[in-house]
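Please look through this note with the model open beside you.

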Amino acid sequence: MGAAQQPTYPDRSAVDAAVAKLRSVPPLVFAGECDELKAKLAAVAQGEAFLLQGGDCAETFAGATADNTRNKLRVLLQMAVVLTYAASLPVVKVGRLAGQFAKPRSSDLETRDGVTLPAYRGDAVNGYEFTLESRVPDPHRLVEVYNNSASTLNLVRAFVTGGYADLRQVHTWNTDFVLGSPAGKRYEKVANEIDRALNFMQAIGADPDEFHRVDFHSSHEALVLEYEHALTRIDSRTGSPYDVSGHFVWIGERTRQLDGAHVELLSHIKNPIGVKLGPTTTADDAIALSNKLNPDNEPGRLTFITRMGAGKIRDALPPLVEKVTASGVRAAWVCDPMHGNTFEASSGYKTRRFDDVIEEVQGFFDVHRSLGTWPGGIHVELTGDDVTECVGGGEELAEIDLSQRYESVCDPRLNRVQSLELAFLVAEMLRKA
Ligand code: PEP
Ligand code: CO
């Protein structure tokens, strides 16, 4: 079987030049860091930790700014604090960032006002602007993906080790428009309690440097094979191949064919990996994927990210989890409550209802609780900004509000207040363990 969802490049020699360049650049992440994340995800698979994975549906080159990155990191840190505090469990923090530039599409072409052009496949492949020039796939963009990922990851590393993510800063993350919202006020209370706990720990002699840095990892969908392949390197410690474009890479719902090129490539790398599972997935499909991708059944290696839809999860998930678990497969189960809940508003905007997102996460928790399996985490599309892309939430965003600040070039993301609200609701579900 060939490779699904690949760009059709007009100029093969330009592809070869981009790939040659990518083969020569330094790794974005180190194999040892991937192993550390794998060990953390093993704790998730075993019911001892919770995964928070989030970020844009599609990063853009223009959006790879310091403000944007800081805002995304900040909302993820706030969410992680809420979840950790509520559940007294380690929260594994993974960004959909520093590499999330390529998108699968249901159609190769897009037609607007009688004009048909190649569909936008993410900044990794072509431009969003609806002109022929911009929509023709350009392999040089793959080198730009590397450069943008490097600068984003460099900033994230500085933030998480340089003091910004220090737990003693929990208050300072809660700024501007969030502060006035009910979720922001609720967050202030948690932050006060964390302050008290930190003061107590310091008083009894804990090392304050322990609070200074957090672990944070990068992830993206491994979609454009040329890019992922060119960034796959042999780790000098172990002699094994790692995809050094990100710590964690996943296979999307449209590219998870057992005999497909994406499954083949990811079966050879040692990173922790994920596979999205939509509502048509059978237990046999998932077991076969595990056999191919994780033949040693190593916990932490494989995460199943289910994205069923709020209306389907209570029917589709139980037989899947039950049979896969009974077969002995050891995977982490994570809920993506976004991709099964997208619809088009009457105004034409792609959107999601906050209530559907919550309903899918609630269904996910209920199903795992009733089977005695562990609801291991959430995978969400979010931004640190005050966008208007998903409807509902405490601010009761309506469909007519969507045009105010709709910035996503692909799927609708939760804004910062909605993300924090989600964290509080998930924290309650976790607490009821
Ligand atoms: C995505 O995560 O943006 C995506 C395209 O998801 P899926 O493969 O689950 O449709
Ligand atoms: Co998406």
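1. First, the terms. A grid of 1 Å is laid over the protein atoms alone; a cavity is a set of points where a 1.4 Å probe fits but cannot get out, and a pocket is an open set with protein on both sides within 12 Å along at least five of seven lines. Lining residues have an atom within 4 Å of a point. Points are joined across faces, edges and corners, and a volume is the space filled by probe spheres set on them.

2. The ground rules. This is a predicted model, where local features need pLDDT of at least 70 and side-chain atom pairs pLDDT 80 or more, while totals for chains, interfaces and linings use all residues. Residues are numbered from 1 along each chain as its sequence is written, chains are lettered from A and ligands numbered from 1 in written order, and side-chain values use heavy atoms, without hydrogens and water.

3. The largest pocket. Its volume is about 790 Å³. The lining has 35 residues, and R105, S106, K350, C410 and D411 lie nearest the centre. Strands β3 (109-112), β12 (342-344) and β13 (350-352) each give two or more residues to this lining. Strands here are DSSP runs of E, at least two residues long, and helices are runs of H or I, at least four; both are numbered from the N terminus.

4. Classes in that lining. Twelve residues are nonpolar, eight polar and 15 charged. Ala, Val, Leu, Ile, Met, Phe, Trp, Tyr, Cys and Pro count as nonpolar, Asp, Glu, Lys and Arg as charged, and the others, Gly among them, as polar.

5. Where does ligand 1 sit? Ligand 1 is in the largest pocket, a label that requires more than half of its atoms within 2 Å of the grid points. Residues around ligand 1 include C57, R96, P104, G252 and H339; to be near, a residue needs a heavy atom within 4 Å. That shell holds seven charged residues, two polar and two nonpolar.

6. Polar contacts of ligand 1 (pairs of N or O atoms within 3.5 Å). K103 brings a polar side-chain atom to 2.7 Å from a ligand oxygen. For R254 the distance is 3.0 Å. E381 also has a side-chain N or O atom 3.0 Å from an oxygen of ligand 1. The protein covers 98% of the 290 Å² of accessible area that ligand 1 has on its own, by the Shrake-Rupley method with a 1.4 Å probe.

7. The second largest pocket. It holds about 600 Å³ of space. Of its 27 lining residues, T84, V91, K93, L167 and V214 are closest to the centre. Helix α3 gives the most to the lining, with five residues. By class, 19 are nonpolar, three polar and five charged.

8. How many cavities of 30 Å³ or more are there? The count is one. The largest cavity has a volume of about 60 Å³. Its lining includes F101, L142, H220 and Y227. Elements α5 (140-161), β5 (217-221) and α8 (225-230) each give two or more residues.

Terms used:
Polar contact = N/O pair within 3.5 Å; in protein donor to acceptor, adjacent residues only side chain to side chain.
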